[in-house]
Amino acid sequence: SFRIYSADKTLNPDLKRACTIGHFRPAQFLETHPEYLLKNSTGQPAIEEPFSGCHMFDHTKSLARNYWRDVCLTMTGYGVIDGCGADASWQTGVDQEKKWGLNDTTAVAWREGHKSMMRMTTEALADGVLLGKDPWEVGDYVNGALHEGCAASNETVLTLRNLTSTAKAQGRRLIYQCHGNGGDDEVAAFL
């Protein structure tokens with residue numbers, strides 16, 4: 001279950017309940033440190049729509065990329081936790097450009113910065129894991145995924161085979177876990 005936190009709507013009047021639960025709680029840090037915030041084409045903080053209404057890290061800036069990486073490294077540095085999750089790893093900024101109110105240049109720069117942040121975090125984790133969300137990300141800028149949309153199908157079997165080939169070709173461990181629902185039956189697959 002998620003613990004609900006109160007959020008200061010004076011800092012972000014657009015936030016939704018999703019911006020106050022679970023892993024979105026760190027949004028409070030962003031709201032009080034505007035230098036880390038992605039700005040839209042009007043110069044205002046961009047809003048992650050339609051889901052959370054949260055403001056977002058500006059991955060066009062090394063300051064934000066380094067902060068994100070360093071938080072993950074601090075969390076894993078004690079040896080109890082062996083990885084971090086980049087829950088919205090699939091976001092490109094380009095695909096969300098209109099929803100976030102970005103211009104073309106900022107959207108492309110955010111996409112490149114976002115991927116760069118994940119690559120440098122994955123590299124800095126060494127034997128640790130940075131989990132993304134989709135299978136096509138694994139082996140590129142993350143070394144694992146928690147995919148919440150696979151079914152008991154040939155497509156899932158092919159995905160697992162392809163990721164096995166990718167891991168062998170790269171000579172490193174890659175992790176893939178997928179969850180799916182085939183009606184009354186739950187499915188989980190692991191690589």
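Reader: Leaving aside neighbours within four places in sequence, which residues is Leu73 in contact with?
Author: Leu73 has its place in helix α2; helices (H or I, at least four residues) and strands (E, at least two) are DSSP runs, numbered from the N terminus. Contact means heavy atoms within 4.5 Å. With neighbours up to four places away in sequence set aside, Leu73 is in contact with Ala124 and Leu125.

Reader: How should I read these residue numbers and atom pairs?
Author: Happy to explain: this is a predicted model, in which local features need pLDDT of at least 70, side-chain atom pairs count only at pLDDT 80 or more, and totals for chains, interfaces and linings use all residues. Residues are numbered from 1 along each chain as its sequence is written, and side-chain values use heavy atoms, with hydrogens and water left out.

Reader: Where in the chain is confidence highest, and where is it lowest?
Author: The score here is pLDDT, the predictor's confidence in each residue, from 0 to 100. The chain averages 86, and 86% of the residues score at least 70. Over residues 1-5 the pLDDT is below 50, and this stretch has 11 contacts in the model beyond near neighbours in sequence. Where pLDDT is low, the predicted coordinates should not be read in detail. Confidence is highest in helix α4 (residues 104-125), with a mean of 97, and lowest in strand β5 (residues 186-190), with a mean of 63.

Reader: Is Leu73 buried, exposed or partly exposed?
Author: Buried means under 20% relative accessible area, exposed over 50%, and partly exposed in between (1.4 Å probe, protein chains only). The relative accessible area of Leu73 is 27%, so this residue is partly exposed.

Reader: What do the buried residues of α2 pack against?
Author: Those buried residues are Ala64, Arg65, Trp68, Arg69, Cys72 and Thr76. Seen down the axis of α2, they fall within an arc of 130° (taken from the directions from the helix axis to the C-beta atoms), so they line one face of the helix. Their packing partners are β1 (83-85), α4 and β2.

Reader: And which elements do the buried residues of α4 pack against?
Author: Among the buried residues of α4 are Trp110, His114, Met117 and Thr121. Thr121 is 48 residues from Leu73 in sequence, with their C-alpha atoms 7.9 Å apart in space. The buried residues of α4 pack against α2 (62-76), α3 (97-100) and β2 (129-132).

Reader: How far apart are the end C-alpha atoms of α4?
Author: The expected span of a helix is 1.5 Å times one less than its number of residues. For the 22 residues of α4 this gives 32 Å, which agrees with the model, because the end C-alpha atoms are 32 Å apart.

Reader: Which residue caps the N-terminal end of α4?
Author: Look for a side-chain oxygen that lies 3.2 Å from the backbone nitrogen of Thr105. At the other end, just after α4, Ala126 takes a positive phi of about 55°. The residue capping the N-terminal end is Asn103.

Reader: Is Thr159 buried or exposed?
Author: Thr159 lies in helix α5 (residues 154-170). Not counting residues up to four places away in sequence, Thr159 touches Pro135 and Tyr176. Its relative accessibility is 18%, so Thr159 counts as buried.

Key:
Polar contact = N/O pair within 3.5 Å; in protein donor to acceptor, adjacent residues only side chain to side chain.
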